[in-house]
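Dear colleague,

My notes on its charged side-chain contacts follow.

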Amino acid sequence: MIYLDYAATTPVPQAVADTMYDVLRNRYANPSAQYEAGRDMRAQVEQWRGTIAAALDCPPGRLSFTSCGTEGDVWAIRAALWRNRRAGRHIVTTAVEHNAVLETLKQLKDEGYSVDAVPPRPDGSIDADSVLSRVRPDTALVSVMLVNNELGNRYPVEEIVKRLREVNPVTLFHTDAVQGFLKVPFSARGSGADFVTVSAHKVGGAKGIGALYVSDRVRDPRPLLPGGGQEAGRRSGTEATAQIAGFAKAVELRTAHLSEALRHLSEIRAHAVETLSQIPDLRVISPLQDAAPHILCVSLVGWPSQNIVTDLSAQGICISAGSACHQGKLSHVVKALQLPERVRKSVIRLSFGAETSRADIDACAAALRRHHDERLPML
Ligand code: PLP
């Protein structure tokens, strides 16, 4: 199999699986238990938290574990609005956020909030001015992702936060950094953001574990999951110790060789741009600058995305038509680009990881060219 869908999820390295297995089989004590094995596990969880906090550059005490990136996004939004409940009921976001953000905002509209979603430029970029010009005295929250999961654009969150403090010092800022974490330079603390969401399975951890950083501007974020009071009362539910251990191990492995890993991804992406650009009717949609190195969105203009994905899948090549969450439907991100219909309906996403080789890209390019030459365009 040639796997080119790392933005959907990543394989778990053996060392991560071994770490998780050891916790599941041998070190299974509940970290809230009062006997020695429980206290040891509590200390371990704090050590693992420290590893992830160091990679995100934030104080460990401000990082809480969640069940996934989706939970982190929903919690951040709900906690920000609760904290600013007297400040207003207006939210600014972008039209290209992950559905974890957009569907939550849809619920909030039903609850009486008003939402301004900034459209992207045709190249997928979002500039700080277009976000800040929508901020009002009653804006409770601004939520802008760090890296777009379908296009790879890196958004100027640091500039937005810095200027937001002048435009409205009360407004809180959330960034969904699920695709940006360990892919682009980023410091949670340095960015000035109030909430930062990450997820383990995009960086070699298991599915079903994530984390949320909350700045000390929001001292006690209102729990999304109230209950037994784990995670310093912020997020109840017995800690998923094996998943947390695996998350920390994955982060440790990545950060040990981060610059080489990012260089490898950039080289692979550049090779993909060069190779795929030689295919007739293929248009690169992702930007070449200000983009994460692991995502490349292209359109084989005139050949429907779903047919391409199915054809390549039959040859053992895994790519996606937009994000994995859309299951074949045209994504809101692609729609928001306002591309001509023939371009829009032919969009596919390739995404890369440590294991991706130039030969993988060449095989994918050859399969795309065959698809182009042998199948009739249907649009
Ligand atoms: N945000 C972004 C940008 C994503 O790409 C994803 C997953 O694809 C999520 C949030 C959701 O993360 P999870 O799958 O851990 O819920």
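Which side chain meets that of Asp22 in a salt bridge? The partner is Arg27, with a distance of 3.2 Å from N to O. The term salt bridge denotes a side-chain nitrogen of Lys or Arg within 4 Å of a carboxyl oxygen of Asp or Glu.

Please note that this is a predicted model, in which local features need pLDDT of at least 70 and side-chain atom pairs count only at pLDDT 80 or more, while totals for chains, interfaces and linings use all residues. Residues are numbered from 1 along each chain as its sequence is written, and side-chain values use heavy atoms, with hydrogens and water left out.

In total, the structure holds 20 salt bridges. Asp22 is partly exposed at 27% relative accessibility, and Arg27 is partly exposed at 30%. Here, buried means under 20% relative accessible area, exposed means over 50%, and partly exposed lies in between (1.4 Å probe, protein chains only).

A further salt bridge links Glu103 to Lys106, with 3.0 Å between the closest N and O atoms. These two residues lie three apart in helix H4 (residues 99-110), and are therefore separated by about one helical turn. A helix is a DSSP run (H or I, at least four residues), numbered from the N terminus. Glu103 has a relative accessible area of 39% and is partly exposed; Lys106, at 48%, is also partly exposed.

Lys345 and Glu341 form another salt bridge, their closest N and O atoms being 2.6 Å apart. Lys345 is partly exposed at 35%, as is Glu341 at 44%.

Yours sincerely
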